[in-house]
Amino acid sequence: MTVSPTTAGPVYEAVARLPLVDHHCHGVVTRDPDLDAFESLITEGAAWPRAGVSPFDTPVGTAVRRHCAPVLGLPRHARPPRTWPAGPSSAGAR
């Protein structure tokens with residue numbers, strides 16, 4: 001970064017010495033969420049906009065189905081977890 005009169009100074013110098021840390025976390029929980037709670041964690045909003053459409057039909061939901069279903073012994077892109085025999089929490093919080 002080029003130092004200019006607007007970036008130079010003690011605050012800039014202090015911040016420039018800090019290590020890069022990504023503190024942005026989605027879905028940090030301390031226990032296994034039920035399906036409704038899990039669905040709310042994979043959305044960016046407070047509520048899902050329409051009945052009949054699952055958060056698992058979104059791009060991030062598709063990625064979750066792609067990578068998590070095989071861990072549960074299901075085929076990649078298995079339908080949303082309401083159809084999964086053991087549900088998403090069968091893998092546990094770890």
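Mentor: One term before we start: a residue is buried under 20% relative accessible area, exposed over 50%, and partly exposed in between, with a 1.4 Å probe and protein chains only. Also, this is a predicted model, where local features need pLDDT of at least 70, side-chain atom pairs count only at pLDDT 80 or more, and totals for chains, interfaces and linings use all residues. Residues are numbered from 1 along each chain as its sequence is written, and side-chain values use heavy atoms, with hydrogens and water left out.

Trainee: Let's look at H3. Which of its residues are buried?
Mentor: Helix H3 covers residues 59-68, and its buried residues are Gly-61, Val-64 and Arg-65. They sit on the same side of H3 because they cover an arc of only 95° around the axis. That arc is taken from the directions from the helix axis to the C-beta atoms.

Trainee: What do those buried residues pack against?
Mentor: Helix H2, residues 35-41. Contact here means heavy atoms within 4.5 Å.

Trainee: Which exposed residues are on the face turned away from the buried side of H3?
Mentor: Pro-59 and His-67.

Trainee: Switching topic: how many aromatic pairs are there?
Mentor: Rings of Phe, Tyr and Trp (its six-membered ring) pair if their centres lie within 6.5 Å; planes under 30 degrees apart count as stacked, over 60 as edge-to-face and the rest as tilted. By that rule there's one aromatic pair. The rings of Phe-38 and Phe-56 have centres 5.9 Å apart and planes at 20°, so they're stacked. Phe-38 is in helix H2 and Phe-56 is in the loop between H2 and H3, 18 residues apart, so the pair links distant parts of the chain.

Trainee: Are those two buried or exposed?
Mentor: Phe-56 is buried, with a relative accessible area of 0%, while Phe-38 is partly exposed at 23%.

Trainee: What about Pro-55, where does that lie?
Mentor: Pro-55 is also in the loop between H2 and H3, and it's buried, with a relative accessible area of 5%. Its C-alpha atom is 9.3 Å from that of Leu-41, and the two residues are 14 apart along the chain.

Trainee: Now the other end. Where is Val-11?
Mentor: In helix H1, residues 10-16. Val-11 counts as exposed because its relative accessibility is 63%.

Trainee: Last one: what's with the phi of His-77?
Mentor: It's positive, about 65°, although His-77 is not a glycine. Most residues other than glycine have a negative phi. His-77 lies in the segment after H3 and counts as partly exposed at 38% relative accessibility.

Methods:
Helix = DSSP H or I, 4+ residues; strand = E, 2+ residues; numbered from the N terminus.
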